[in-house]
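The points after the display are grouped by topic.

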Amino acid sequence: MTYCLGMLFQDGLVLGSDSRTNAGVDQIATVRKLATFVEPGERMIAIQTAGNLATTQAVVTELRQAWGSGFAGLDMKLAPTLFEVARIVGDKLRAELAREESFVRPYGDPGATLLVSGQISGEAPRLFQIYTAGNFIEASPRTQFLQIGETKYGKPILDRALRYEMDLCSAATLALLSYDATIRSNLSVGPPIDLLIYEANSFSDVGKRKFTETDPFWINLRHAYASGLEQLVNGLPIPDRPGIPVGSDASSASVATI
């Protein structure tokens, strides 16, 4: 399984992808699921992938081979807008499935979903989710994050805390906490986590960082969040119980067992 996250802000983008892939309990590996395509000063395009690994690797490889080829409709370097980039990626996914689906289907699901994001000179940063069918939707200030893969565990904290005006570094911390929640609840998602903080108009992927399981920042963040959450819960009001007044020692002591 996979968890990929894309978040859109007024100052840029924050993207995260885990690295775990598996074909059974004893066939676990790590694979990069975040690919970037950069033309300095002119465009930065990021593609995050979930689903059938053979399908997604073929799509990304063919897009990379077409980069700079000069073929309209295939070369993302020629696309005038990120919308056109999303269309190119969707078409490539559709073509790959048309070629392979009948052969793969007897053995498993050949489908895939992708997040396509970035910025092309002349427009603001944009973020799209591409479905297996090749069609897509776009994020906006009202729907500012998109997820693919194992999405449910990491979504609640984003629903509560995410704001379009949030600074990118704070948003990156929130993204990592979304991964922490997912990893704690689902063994099919795991580090290393590839994180990209993209500042608007930088047209660069220098904001990439990999967080391994032993990364000091990742460890400290998880411990600080768990400790802070425990302290917060212990400080919250608790419901009354028959025969035990709220605020009594017995009532307060029960909090520690939650």
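A nonpolar core is a set of buried Ala, Val, Leu, Ile, Met, Phe, Trp, Tyr and Cys residues joined through side-chain atoms within 4.5 Å, where buried means under 20% relative accessible area, exposed over 50% and partly exposed in between (1.4 Å probe, protein chains only). The model is predicted: local features need pLDDT of at least 70, side-chain atom pairs count only at pLDDT 80 or more, and totals for chains, interfaces and linings use all residues. Residues are numbered from 1 along each chain as its sequence is written, and side-chain values use heavy atoms, with hydrogens and water left out. Helices (H or I, at least four residues) and strands (E, at least two) are DSSP runs, numbered from the N terminus.

**Nonpolar cores**

- The largest nonpolar core has 25 residues, and L5, M7, F9, V14 and L158 have the most contacts inside it.
- At least two residues of this core come from each of β1, α3 (155–161), α4, β11 and α5, and the largest share, nine residues, is that of α4.
- Apart from this core lies another, of 23 residues, with A35, V60, L93 and I130 among them.
- Contact means heavy atoms within 4.5 Å; not counting residues up to four places away in sequence, F9 touches V14, Q144, L162, R163, Y164, M166, L168 and A171.
- In soluble globular proteins, nonpolar side chains tend to be buried together.

**The sheet containing β1**

- Five strands form an open sheet in the order β10-β1-β2-β11-β12, with antiparallel pairing; two strands pair if DSSP finds at least two bridges between them.
- At the edges are β10 (145–149) and β12 (208–211), each of which pairs on one side only.
- From one strand to the next, the twist averages 10°; axes are lines fitted to C-alpha atoms, for helices over the stretch in contact, and angles run from 0 to 180 degrees between N-to-C directions.
- Six bridges link strand β2 (residues 12–17) with strand β11 (residues 193–199) in the antiparallel sense, and L15 is placed opposite L196 in β11.
- Across β1 (3–9), β2, β11 and β12 lies helix α4 (residues 168–185), at about 155° to β1.

**Helices α4 and α5**

- The axis of α4 comes within 11 Å of that of helix α5 (residues 216–235), and the two cross at roughly 75°.
- The helices α4 and α5 are therefore roughly perpendicular to each other (angles under 35 degrees count as roughly parallel, over 145 as roughly antiparallel, 65 to 115 as roughly perpendicular and the rest as oblique).
- From α4, residues including T173, L176 and I183 meet residues of α5 that include F217, W218 and Y225.

**The sheet containing β5**

- A further open sheet of five strands has the order β5-β6-β7-β8-β9, with antiparallel pairing.
- The edge strands β5 (34–39) and β9 (136–138) each have a single partner strand, so one side of each is left without a neighbour in the sheet.
- Antiparallel β5 and strand β6 (residues 43–51) are joined by six bridges, and T36 stands opposite A46 in β6.
- Helix α2 packs on this sheet, touching β6, β7 (112–120), β8 (126–130) and β9.

- T55 belongs to helix α1 (residues 53–66) and is buried, with a relative accessible area of 6%.
- E96, in helix α2 (residues 82–104), also counts as buried, at 6% relative accessibility.
- Leaving aside neighbours within four places in sequence, E96 is in contact with T55, A58, V59 and E62.
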